[in-house]
Amino acid sequence: MVGNQPIYPAAPNALPVLIVATGNTARDGTGTITTVMTAGVVGGRIDRIYLKATGTTTAGMLRVFAKASGGTYRLIGEVSVTAVTPSGTVASWEGVWTPAGAAIPMNAGEVIGVATHNAEEFTALPSGGDV
């Protein structure tokens, strides 16, 4: 691939993923981290991750991690979560994580994962794909 050519996903690689309700306050890549996207055999890119609480939230963080195939997770972003008690007139918390600057190109087998600071469930929907 020529270095100055844009990378567009050739195949979507984005399915909703339930982030398990296991609190993980670690920023060092340890603890429970849920995989939300794994790049295909020729690589991929991630543009953003849509995040939606499935119930009541308390103030905390959602943390986004990346790791090379077989490597260790590294923190690449955080999204603040506010306290919300959803009801018939109040929507549950939602947010979007967007990489600083631009989409993140991913080598084959690289993984993007998300962890929740508090023991609360969220749905993550990555936007990106395999190249």
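A: A residue is called buried when its relative accessible area is under 20%, exposed when it is over 50%, and partly exposed in between, using a 1.4 Å probe and protein chains only. By that definition Gly29 is buried because its relative accessibility is 13%.

The model is predicted, so local features need a pLDDT of at least 70 and side-chain atom pairs count only at pLDDT 80 or more, while totals for chains, interfaces and linings use all residues. Residues are numbered from 1 along each chain as its sequence is written, and side-chain values use heavy atoms, with hydrogens and water left out.

Here is the setting of the loop. The chain has ten strands and zero helices. Helices (H or I, at least four residues) and strands (E, at least two) are DSSP runs, numbered from the N terminus. Of the 131 residues, 40% count as buried. The accessible surface comes to about 6,700 Å², with 56% of it belonging to carbon and sulfur atoms; such areas come from the Shrake-Rupley method with a 1.4 Å probe, and for residues only the protein chains shown count as cover.

Contact means heavy atoms within 4.5 Å. Among the contacts in the chain with a separation of 6 or more, 79% are between residues 24 or more positions apart. Not counting residues up to four places away in sequence, Gly29 touches Phe65 and Tyr73. Gly29 and Arg63 are 34 residues apart in sequence, and their C-alpha atoms are 9.7 Å apart in space.

A salt bridge is a side-chain nitrogen of Lys or Arg within 4 Å of a carboxyl oxygen of Asp or Glu. By this rule there are four salt bridges. One of them joins the side chains of Arg27 and Glu78, at 3.0 Å from N to O. Arg27 lies in the loop between strand 2 and strand 3 and Glu78 in strand 6, so the pair ties together parts that are 51 residues apart in sequence. Arg27 is partly exposed, with a relative accessible area of 48%. Glu78 is partly exposed too, at 35%. A network of salt bridges links Arg27, Arg63 and Glu78.

Two strands pair if DSSP finds at least two bridges between them. An open sheet of four strands has the order 3-9-5-6, with antiparallel pairing. Its edge strands are strand 3 (34-38) and strand 6 (74-81), each pairing on one side only. From one strand to the next the twist averages 25 degrees, where axes are lines fitted to C-alpha atoms, for helices over the stretch in contact, and angles run from 0 to 180 degrees between N-to-C directions. Within this sheet, strand 5 (residues 60-67) and strand 9 (residues 111-116) run antiparallel and are joined by six bridges. Leu62 has Thr116 of strand 9 as its bridge partner.

Asn118 is buried, with a relative accessible area of 19%. Leaving aside neighbours within four places in sequence, Asn118 is in contact with Gly23, Thr58, Ala59 and Gly60. The side chains of Asn118 and Thr58 are joined by a polar contact of 3.0 Å; a polar contact is a pair of N or O atoms within 3.5 Å, and within protein one must be able to donate a hydrogen and the other to accept it, while residues adjacent in sequence count only if both atoms are side-chain atoms.

For comparison, consider strand 4. Seven of the ten residues of strand 4 are buried. Strand 4 pairs antiparallel with strand 10 over nine bridges, and Tyr50 stands opposite Leu125 there. Four bridges pair strand 4 with strand 7, also in the antiparallel sense. A salt bridge also joins Lys52 and Glu94, with the closest N and O atoms 3.0 Å apart. Lys52 lies in strand 4 (residues 44-53) and Glu94 in strand 7 (residues 94-97), so this pair ties together parts that are 42 residues apart in sequence.
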